[in-house]
Amino acid sequence: MSVAVQNITKSFGAFPALYDVSLEVKTGELLALLGPSGSGKTTLLRIIAGLELPDSGLVSFAGEDVTDKSAYERKAGFVFQHYALFQHMNVFENIAFGLRVLPRRKRPNREAVTKRVGDLLQLIQLEGYEKRLPSQLSGGQRQRVALARALAIEPRVLLLDEPFGALDAKVRKDLRKWLRHFHERTHLTSLFVTHDQDEAFELADRVVVFNQGRIQQIGSPDDLRKNPQNDFVREFLEV
Amino acid sequence: MKRATTDHWLVRYLLIGVVLAFIVVFLAFPVFVILYEALKLGLQFYFSTLGEHQSRSAVRMTLLVALTVVPVNTLFGVCAAWAVTHFQFKGKALLISLIEIPLWVSPVIGGLVFALIFGRQGWLGPWLDDHGIQVMFAFPGIVLGTAFVTFPFVARGLIPLMQSQGSAEEQAALTLGANGWQLFWRVSFPKIKWGVLYGMILCNARAMGEFGAVSILAGTVDDKMTMPLQVEQYYLSMDQGLSKAFALASVLLLLSAVTLVVKIALEWRHLVPSARRLH
Ligand SMILES: Nc1ncnc2c1ncn2[C@@H]1O[C@H](COP(=O)(O)OP(=O)(O)OP(=O)(O)O)[C@@H](O)[C@H]1O
Ligand SMILES: [Mg+2]
């Protein structure tokens, strides 16, 4: 499913966080949103997920306007910058949450839930950790649980907010590889935020360079390196 | 220098001594007096006092009032704390201050305000009279006064708790498709349930002991007196009134003790798992 935003503007009080932002994540694409801290990356992601309302502009999923739909109707898979795992639920319950809150007629039965969670645990390589609480996991493990939780509802789009931001270099590299691999297998339309250029270039099909709430340039990693369109992009990418 | 200011044995014993003296004078001694006076005329007198119509009606009234006020204020407190921590709106700081008003004003003033509104000469008095609704000197009035005095208790504890927790988990639940109801019961409530229970216990303790506001709204109508009012009534009466007053007061004391035990058990339960996790 493709995701598009058109002419999104958003201010917090007098502070303009996003200004006339338009972009499209094509079906099956892995798009990176690259920009310095405070440039509005999280805000844009939250607007796409429906956690924040834009002042003006449109959000559409697969060509359908969802601007007026709430977050729980959109059900975009969202992996938060700081995980936001449910602290009082164990790993199993965290991952199963999205299935348990489905309307009754769509809710899978016990065996199906166990099966689905088991598959996801295998996917994130955390089998045997079902009973642990989030506080008993390492940062990298929490991150993977957050990912599994988002994937459990089979979202049509995956939004990742600095998914590897708080992790050390080694774990970061591993997870990065893992995500690339996962995407090659599933081709789930994904948008991920980062302020790490290497990460963006290694993972993404296309990269959106962002600064002060405005899109500076959109292109493939090669494209950006060869033809930076303005001084900011040139300096930020150090080419 | 450090030794002299922080470690000196004299300072230590002096401070501990002061605290102990306060506890003895203000807590232990009164408790002893209540029990002593209550039982001075013997167990038979004690139980016959408690069996008297007035005593039984007062106990019933107090429990009934607490049973009404605590749920109402819990609902209010959770709603208020939720609104204040999850929504942005103008006058939020003012609202938080308003919630605390009953802590700042004398309960008697609260009682008087309600009397002014619902009393015979009050704003709504004539209308209520015409419709045969009795608020003053009746159960609704007592509930109003008690609710007024106790309504900050749940909200006040919850607001800082919920503010410190933030709403990240709620937002995650939303993106996973949870509706408002599921969001509250599955995500928000488990995070605050001990805080809610703690607030309920405080609210309950205060509700059962309330005197000022209720004394104005209930007056001295028989059958419409709570335990603190009846204690005073006995106290003012002739005919071994003092012993009767203390007998009933001992029941109030017992209820407080139960509340205290529940509170300590709760704190213990609440603290121990996290302490265990640290090791
Ligand atoms: N709820 C809010 N109220 C006020 N200002 C906000 C709010 N959320 C974000 N902002 C402001 O909007 C700007 C963009 O914030 P945003 O979180 O989108 O940045 P970001 O690009 O994700 O940064 P980082 O890389 O540090 O996470 C920042 O200057 C921030 O201070
Ligand atoms: Mg951010």
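**Entry 1: the shell around ligand 1.** I sorted the shell residues by type and found four nonpolar, seven polar and two charged. (Ala, Val, Leu, Ile, Met, Phe, Trp, Tyr, Cys and Pro count as nonpolar, Asp, Glu, Lys and Arg as charged, and the others, Gly among them, as polar.) I kept in mind that this is a predicted model, where local features need pLDDT of at least 70 and side-chain atom pairs pLDDT 80 or more, while totals for chains, interfaces and linings use all residues. Residues are numbered from 1 along each chain, chains are lettered from A and ligands numbered from 1 as written, and side-chain values use heavy atoms, without hydrogens and water.

**Entry 2: where the shell comes from.** I saw that β2 (15–25) and α1 (41–49) of chain A each give at least two shell residues. Helices (H or I, at least four residues) and strands (E, at least two) are DSSP runs, numbered from the N terminus. The largest share, three residues, belongs to α1(A).

**Entry 3: the magnesium ion.** Which protein atoms are donors of ligand 2? I found T42(A) (OG1) and Q81(A) (OE1), 1.9 to 2.8 Å from the ion. These two sit 39 residues apart, T42(A) in helix α1 and Q81(A) in the loop between β6 (77–79) and α3 (91–100) of chain A. Donors are N, O and S atoms within 2.8 Å of the metal (3.2 Å for Na, K and Ca); water is not among the atoms, so sites may look incomplete.

Entry 4: I looked up T42(A), which is partly exposed at 26% relative accessible area. Q81(A) is partly exposed too, at 28%. (Buried is under 20%, exposed over 50%, partly exposed in between, with a 1.4 Å probe and protein chains only.)
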